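Look over the sequence and the structure below.

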Amino acid sequence: MIEVQDLTKSYGAVTAVDHVSFTVNKGEILGFLGPNGAGKTTTMRILTGYMPATHGTARVAGFDVFRDSMEVRRRIGYLPENPPVYPDMTVETYLDFVARIKNVPAERRPARIDDALRKTNLEDRRSELIKRLSRGYKQRVGIAQALVHDPEVIILDEPTVGLDPKQIIEVRNLIKSLAGNHTIILSTHILPEVSMTCDRVVIINKGKIAAVDTPQNLTSQLKGGQKIRIETDAPEKPLRDMLAQIPGASRVVIEPARAGGHQAVTVEAAQGNDIRNQIAAKIVEHGWPLYELHGVSLSLEDIFLELTTDDAAHAQASS
Amino acid sequence: MGSLYAIYRKEMGHYFVSPIAYIFIGLFLVLTAFFFNVILAEVIKQTFQMEMQGMRFGGPSDFDAPAAVMRSFFGLLSTLVLFFTPILTMGVYAEERKRGTMELLMTSPVSELEIVLGKYLASLSLFALMLLPTASYMIFMVLHSDPRPPWSMLAAGYAGVLLLGGSLLALGSFVSSLTENQLIAAVVTFAASLFIWVLDIGRNSDSGASAVLQYLSVIRHYEDFARGVIDTSSLIYYGSFIALFVFLTVRSVDSMRWRRA
């Protein structure tokens with residue numbers, strides 16, 4: 001549905017997007033993940049025809065975003081970083097305006113507007129002035145605007161920014177319900193969002209793609225070792241000695257107990273070497289109280305940091 | 001075409017939902033009504049003086065009072081236009097860019113020409129609506145004059161104001177498309193309008209350059225209209241002026257895609 005080939009965008013000496021290539025299949029949700037300023041917004045703006053690329057091509061539904069811009073724009077619903085709303089309009093007149101400029105035929109307009117209002121839970125706010133709405137509601141109006149012409153492709157730039165936790169869950173569910181009928185690209189710098197909603201993730205940093213894969217694959221691929229978390233009130237020195245004797249255990253971190261809690265220990269184990277039973281046996285052998293012991297797999301957060309932060313990678317390598 | 005109309009409607013809605021249009025039209029009417037009174041009183045005084053002179057020296061007076069009122073009134077309108085049009089156009093693009101709604105328009109299947117024309121026609125409509133009530137003063141005057149001046153004179157005068165206003169609105173839209181700051185847009189538009197206004201400053205010298213400058217001045221052509229004369233060269237002048245600035249605005253809006261950092 002979307003093919004991006006070698007896309008580059010430079011502003012003078014600064015390269016915001018650097019030879020980026022990826023594809024999105026029909027009905028898929030693609031997550032665009034990266035720190036602020038990584039080039040997510042620029043890539044989206046090129047895809048929506050807002051700005052031309054310096055180099056490379058992008059095709060949406062077979063149409064080139066630059067040469068057949070009008071065809072592409074007809075097929076895309078786009079929510080920019082800030083919802084592009086007119087404060088003086090009511091929600092309904094605004095959606096009517098957007099439906100008109102997106103060439104929705106007059107007879108289909110009322111039904112399309114109702115549908116967009118229903119999907120974004122805005123039905124009871126339809127005759128309210130947009131300037132009287134809270135940030136979260138404005139964001140929803142922005143999403144409704146991207147849906148009103150029932151586009152094949154929906155591009156959402158940070159759709160959950162400014163929403164409260166309940167609204168975030170609603171928006172995520174909405175996005176998931178749209179997949180299948182629509183092809184969706186969403187950008188975010190919030191990691192759980194990607195693992196919760198997306199079929200595939202593009203991790204982008206400093207304009208370059210760091211990784212493209214499913215959230216599951218990314219997690220397992222980088223799992224490498226396993227982390228074990230233990231809560232036990234053992235004396236520190238003997239505990240360290242004991243753990244040092246277990247083959248495969250490394251990088252022991254001991255956090256002292258906080259008020260009312262217990263001392264927390266994290267140990268990393270080499271891959272394919274489950275040492276949890278050995279640790280448990282040793283602790284019991286020493287007669288130390290054991291409150292908790294469980295394995296932690298590396299989260300997307302760790303992967304993300306590993307891929308995007310040079311410092312983190314460096315620290316990992318040197319230890 | 002549908003998109004152009006949608007943008008036109010949106011702009012008109014924007015003028016009338018907010019207090020802009022009402023304040024604007026209200027102020028304009030208060031000012032024009034006041035000055036109409038002043039002009040009328042002045043011309044009546046002049047007429048009496050002329051008649052007195054006519055009686056003293058014999059022969060009928062050839063002072064055309066209605067024409068004098070019209071000339072003064074249209075002169076006044078042109079001055080007000082200079083002050084009102086920059087305010088009318090200052091937000092046309094500046095506000096849109098500031099709010100980020102330009103991104104919506106430019107990622108919708110709407111051409112730049114449709115955006116520009118929709119907005120331009122809306123500002124021109126508001127301008128015409130603002131002028132419309134002032135016609136009642138003129139009609140009142142024409143109906144009470146004896147002999148009655150031809151209606152065509154009045155029509156020519158209003159055609160002139162519309163063309164003059166239309167030109168300055170086109171100029172103002174272009175300036176607004178260049179900046180995100182409304183105040184800058186208004187001030188620059190005012191300065192540029194004033195500059196084109198006074199180009200005929202050398203009207204008394206008869207060098208070739210002065211003839212060219214006179215032709216380029218917006219107000220030179222207006223004076224013909226105010227006298228009830230519609231000159232083809234003036235029509236061409238205003239037509240080209242508007243077309244040029246609409247074209248420049250389209251180019252400027254289009255170039256936003258490249259300028260955005």
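With which residue does Glu95(B) form a salt bridge? The partner is Arg99(B), and the closest N and O atoms lie 2.9 Å apart. A salt bridge here is a side-chain nitrogen of Lys or Arg within 4 Å of a carboxyl oxygen of Asp or Glu. Glu95(B) and Arg99(B) are about one helical turn apart because they stand four residues from each other in helix α4 (residues 94-99) of chain B. Helices are DSSP runs (H or I, at least four residues), numbered from the N terminus.

The model is predicted: local features need pLDDT of at least 70, side-chain atom pairs count only at pLDDT 80 or more, and totals for chains, interfaces and linings use all residues. Residues are numbered from 1 along each chain as its sequence is written, chains are lettered from A and ligands numbered from 1 in the order in which they are written, and side-chain values use heavy atoms, with hydrogens and water left out.

Over all chains, the count comes to 30 salt bridges. One of them joins Glu92(A) and Arg126(A) at 2.9 Å, N to O. This pair links distant parts of the chain, 34 residues apart: Glu92(A) is in helix α3 (residues 91-101) of chain A, and Arg126(A) is in the loop between α4 (109-119) and α5 (135-147).

Another salt bridge, between Arg9(B) and Asp96(A), has an N to O distance of 3.6 Å. This pair crosses between chains, from helix α1 (residues 2-17) of chain B to helix α3 of chain A.

Technical notes. Helix = DSSP H or I, 4+ residues; strand = E, 2+ residues; numbered from the N terminus.
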